[in-house]
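Trainee: Could you walk me through this one? I'd like to start with a helix and then look at the pockets.

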Amino acid sequence: MTNDLTILDYEPAHQPTFRALNHEWISHYFSIEPIDNEMLDNPEGYILAPGGHIFMARHGGEIMGTCALIKEHDGVYELAKMAVSPRAQGLGIGWALGQAIIEKARQLGAHRVELLSNSRLGPALRLYEKLGFRHVPVPPTSYQRTDVKMALDL
């Protein structure tokens with residue numbers, strides 16, 4: 001892990017970077033879906049206002065990563081929109097964001113954190129497993145690319 005890493009709370013000025021980081025990885029592997037744009041264009045309304053949280057990771061004076069925590073229902077949150085710039089991958093930024101999101105979920109009284117992903121994203125899935133997530137059955141979802149669901153009981 002890099003020593004020059006700061007995890008920051010999201011501010012409205014971060015929205016263009018939040019959007020760009022996520023668009024970069026999603027469009028590299030998949031197609032941007034309408035639900036992606038809803039979240040990325042309006043994170044304040046879609047994620048924060050209902051009780052979620054977003055972290056941004058600054059490395060070398062630049063925002064290089066992000067991760068969101070979306071309130072689902074009664075103590076269940078979703079880890080979503082985790083992205084690390086390809087220029088900063090392998091520096092422990094994803095690990096630090098994952099740990100920060102899990103700790104934030106605990107602070108918010110969560111008893112479970114879930115995530116949706118895709119089997120093509122091997123490094124991400126290994127990170128989630130390292131963070132303690134386990135594979136669970138995949139329910140119907142609004143994302144076409146989802147073929148993996150994982151959960152972490154707190």
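Mentor: Let's begin with helix H4, residues 93–107, which has 15 residues and reaches 21 Å from its first C-alpha to its last, close to the 21 Å expected at 1.5 Å a residue (the expected span is 1.5 Å times one less than the number of residues; helices are DSSP runs of H or I with at least four residues, strands are E runs of at least two, and both are numbered from the N terminus). This is a predicted model, where local features need pLDDT of at least 70, side-chain atom pairs count only at pLDDT 80 or more, and totals for chains, interfaces and linings use all residues. Residues are numbered from 1 along each chain as its sequence is written, and side-chain values use heavy atoms, with hydrogens and water left out.

Trainee: Which residues in H4 are buried?

Mentor: Ile93, Gly94, Ala96, Leu97, Gly98, Ala100, Ile101, Ile102, Lys104 and Ala105 are buried in H4, meaning under 20% relative accessible area with a 1.4 Å probe and protein chains only.

Trainee: Switching topic, which residues lie nearest the centre of the largest pocket?

Mentor: Met82, Ala83, Val84, Ala124 and Tyr128 do, out of 37 lining residues.

Trainee: Which elements supply that lining?

Mentor: Helix H1 (15–29), strand S4 (76–84), H4, strand S5 (112–117) and helix H5 (122–130) each supply at least two residues of the lining of the largest pocket.

Technical notes
Buried means under 20% relative accessible area, exposed over 50%, partly exposed in between (1.4 Å probe, protein chains only). On a 1 Å grid over the protein atoms alone, a cavity is a set of points where a 1.4 Å probe fits but cannot get out, and a pocket is an open set with protein on both sides within 12 Å along at least five of seven lines; lining residues have an atom within 4 Å of a point.
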